[in-house]
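Please look over the sequence and the model below before reading on. The report then goes through the fold and selected side-chain and backbone details.

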Amino acid sequence: MSESPAPAPDSAPGSHCSSCGTSFGAGVSGWPRTCPACGAVAYRNPLPVAVALQPVYDTQGTGLVVIARTIAPARGRTALPGGYVDDREDWRQAVVRELEEETGIGAAAHDVRLADAMSSPDGHLLLFGLLPERPADDLPPFAATDETDDRRLLRRPEELAFPLHTLAARAWFEGRYI
């Protein structure tokens, strides 16, 4: 009986782009990875998503920070700031990283508390991190990014780009995360 040969080094899991099949190359390590051919971003475990609930108050009351997306899915729609938890990253750190990347608003991971955990029909686990209220006057100016082209305050529940974002925002406005 002969043994099967060991797989080639570039056929290991995660070695090729799942969108176009291009090899990431021998020198690529770490996650996330960007495909050199099509630009798709691959994550080691693309299921946990960290979403920020950042309350902000001004003279009109308190609202939640939302962004306008410039990337798929839901390009052009309003969403809560959030994204995938990176490999070996604490989910609270992911909440503050995504908040800063998408809105320019800095926060401390130790201030994040779990408001909710929800599973989407496609199997994604969303962890909604609630941050302390802050005054609008203390926010940095907004600068568009590769992923967002607007930041505003959501003043009342409305349908957002993703159904679970809509549910979490509604729950926050109803006082269920206090």
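## Basis of the model

This is a predicted model, in which local features need pLDDT of at least 70 and side-chain atom pairs count only at pLDDT 80 or more, while totals for chains, interfaces and linings use all residues. Residues are numbered from 1 along each chain as its sequence is written, and side-chain values use heavy atoms, with hydrogens and water left out.

## The sheet

Four strands form an open sheet with mixed pairing, in the order 7-3-9-8. Helices (H or I, at least four residues) and strands (E, at least two) are DSSP runs, numbered from the N terminus. Two strands pair if DSSP finds at least two bridges between them. Strand 7 (82–84) and strand 8 (113–119) are the edge strands, each pairing on one side only. From one strand to the next, the twist averages 20 degrees. Axes are lines fitted to C-alpha atoms, for helices over the stretch in contact, and angles run from 0 to 180 degrees between N-to-C directions.

Strands of a sheet pair through backbone hydrogen bonds, either parallel or antiparallel. Strand 3 (residues 48–53) pairs with strand 7 in the antiparallel sense, over three bridges. In this pairing, A50 stands opposite G83 in strand 7.

## Helices on the sheet

Helix 1 (residues 91–103) packs on the sheet and touches strand 3, strand 7, strand 8 and strand 9 (125–130). Contact means heavy atoms within 4.5 Å. The direction of helix 1 makes about 60 degrees with that of strand 3.

Helix 2 (residues 163–173) also packs on the sheet, where it touches strand 3, strand 8 and strand 9. The direction of helix 2 makes about 30 degrees with that of strand 9.

R97 is found in helix 1. Is R97 buried or exposed? R97 is buried, because its relative accessible area is 16%; buried means under 20% relative accessible area, exposed over 50%, and partly exposed in between (1.4 Å probe, protein chains only). Not counting residues up to four places away in sequence, R97 touches Y84, V85, D86 and E89.

The side chains of R97 and E89 meet in a salt bridge, at 2.8 Å from N to O. A salt bridge is a side-chain nitrogen of Lys or Arg within 4 Å of a carboxyl oxygen of Asp or Glu. E89 has 18% relative accessibility and so counts as buried.

## Other salt bridges

How many salt bridges does a search of the whole structure find? The search finds nine. One of them joins D58 and R155, with the closest N and O atoms 2.6 Å apart. This pair links distant parts of the chain, 97 residues apart: D58 is in strand 4 (residues 55–58), and R155 is in the loop between strand 11 (148–154) and helix 2. D58 is partly exposed, with a relative accessible area of 28%, and R155 is partly exposed, with a relative accessible area of 28%.

R152 and E158 also meet through their side chains in a salt bridge (2.9 Å, N to O). R152 counts as partly exposed at 33% relative accessibility, and E158 is partly exposed at 31%. Salt bridges that share partners join D86, E89, R97, E98 and E101 into one network.

## Aromatic pair

Rings of Phe, Tyr and Trp (its six-membered ring) pair if their centres lie within 6.5 Å; planes under 30 degrees apart count as stacked, over 60 as edge-to-face and the rest as tilted. By this rule there is one aromatic pair. The rings of W172 and F173 have centres 4.9 Å apart and planes at 80 degrees, so the pair is edge-to-face. W172 is buried, with a relative accessible area of 10%, whereas F173 is partly exposed at 23%.

## Backbone and cysteines

Most residues other than glycine have a negative phi, and most peptide bonds are trans. The peptide bond from A72 to P73 is cis, with omega near -5 degrees. P73 is found in the loop between strand 5 (61–69) and strand 6 (78–79). A74 lies in the loop between strand 5 and strand 6 and has a positive phi of about 65 degrees, although it is not a glycine.

A disulfide is a pair of cysteine sulfur atoms within 2.5 Å, and by this rule the count is zero disulfides. C35 is buried, with a relative accessible area of 3%, and C38 is partly exposed at 42%.
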